[in-house]
Amino acid sequence: MTASFTVYIDESGDEGFVFHPNERGSSRWLVLSAVVFRKSNDLHAVHLMREVRAKLGKEPKKALHFRGLRHEQRVPYVRAIGEAQVRTVSVLIYKPSIKEPERFQSESFRLYRYATRLLLERVSWLCRDQRKDGDGDGTAEITFSNRSAMSYDELRHYLGHLRETAEAKDVRVDWNVVRPERVKAVNHDQLAGLQIADAVASGIYFAVNLSQYGEVEDRYLHLLAPTIYRHKKTALGYGLKFWPEDFETLTGTLPHLTAFQIYK
């Protein structure tokens with residue numbers, strides 16, 4: 001039996017901890033996002049990207065990179081995603097609040113892997129709760145946008161270790177949905193779903209990460225809002241997971257995050 005869901009994952013921001021005044025240096029935020037389609041609707045990603053490229057006047061097979069587009073091009077792009085039959089999950093890590101950053105500096109990609117854990121927990125809950133009888137085996141095909149410097153064998157090993165130690169480490173991934181050995185990575189330009197994940201991660205990133213002028217762009221967030229995973233009408237903690245501090249604590253020092261208040 002085939003999988004029930006397809007999941008595409010990409011990130012925005014970096015894993016550095018060198019922060020300079022006026023928002024220079026490393027990004028303050030790392031955002032990891034997943035877009036989730038029912039397997040039966042997977043071709044919807046291809047059709048969506050075909051329509052977006054046509055609207056933007058791009059070549060039919062041109063891979064889109066959200067950061068390479070102008071604002072007036074980004075708006076219809078994320079609007080199209082917001083109107084699509086897809087759900088999104090994003091983990092938003094505010095690095096200056098991490099109390100022991102050396103833990104994540106001591107090993108390459110450790111922060112990314114931890115963000116992956118938080119993301120896949122929520123993706124698995126979404127898939128578990130939305131499974132339909134007779135529609136696949138309940139699992140998700142999970143594809144990451146390939147980061148050339150990162151080993152996906154190590155990522156699969158990390159996920160396997162989490163599965164083996166789930167109870168002791170309070171790992172809340174539903175392993176009936178996530179199969180570590182099946183996780184794969186593909187280059188961004190090869191799959192429409194990965195380009196959509198790039199737009200989601202970047203759109204959410206621009207809503208939280210201040211520019212050097214102290215501004216954010218939250219319009220992308222609001223256009224993507226219909227896709228955000230909610231549990232009992234609640235997005236925070238589910239489709240939007242802030243870490244290491246909770247949302248209420250962060251808004252005390254980062255008032256621009258009030259744009260997210262309506263998704264509580």
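Q: Which residues does Phe-242 touch, not counting residues up to four places away in sequence?
A: In this predicted model, contact is taken as heavy atoms within 4.5 Å, and residues up to four places away in sequence are not counted for Phe-242.

Q: Which element gives the most residues to the largest nonpolar core?
A: The largest nonpolar core has 49 residues, of which Trp-29, Phe-242 and Phe-260 touch the most other members. The elements giving two or more residues to this core include the strands β4 (29–38), β5 (87–94) and β8 (240–243), and also the helices α1 (43–56), α2 (71–82) and α6 (192–208). With eleven residues, the element that gives the most to this core is α6.

Q: How many residues are in the second, separate core?
A: This second core is separate and has among its members Val-123, Tyr-158, Leu-159 and Trp-243. Its number of residues is 41.

Q: Which relative orientation, roughly parallel or roughly antiparallel, do α1 and α2 have?
A: The axes of α1 and α2 lie 10 Å apart, and the two helices pack at an angle of about 155 degrees. Because angles over 145 degrees count as roughly antiparallel, the orientation of α1 relative to α2 is roughly antiparallel.

Q: How many nonpolar residues does the contact of α1 with α2 have?
A: The contact is made by residues including Leu-48, Met-49 and Val-52 of α1 and Pro-76, Tyr-77 and Ile-81 of α2. By class, the contact has one charged residue and one polar residue, while the number of nonpolar residues is eight.

Terms used
Residues are numbered from 1 along each chain as its sequence is written. This is a predicted model: local features need pLDDT of at least 70, side-chain atom pairs count only at pLDDT 80 or more; totals for chains, interfaces and linings use all residues. Side-chain values use heavy atoms; hydrogens and water are left out. A nonpolar core is a set of buried Ala, Val, Leu, Ile, Met, Phe, Trp, Tyr and Cys residues joined through side-chain atoms within 4.5 Å. Buried means under 20% relative accessible area, exposed over 50%, partly exposed in between (1.4 Å probe, protein chains only). Helices (H or I, at least four residues) and strands (E, at least two) are DSSP runs, numbered from the N terminus. Axes are lines fitted to C-alpha atoms, for helices over the stretch in contact, and angles run from 0 to 180 degrees between N-to-C directions. Angles under 35 degrees count as roughly parallel, over 145 as roughly antiparallel, 65 to 115 as roughly perpendicular and the rest as oblique. Ala, Val, Leu, Ile, Met, Phe, Trp, Tyr, Cys and Pro count as nonpolar, Asp, Glu, Lys and Arg as charged, and the others, Gly among them, as polar.
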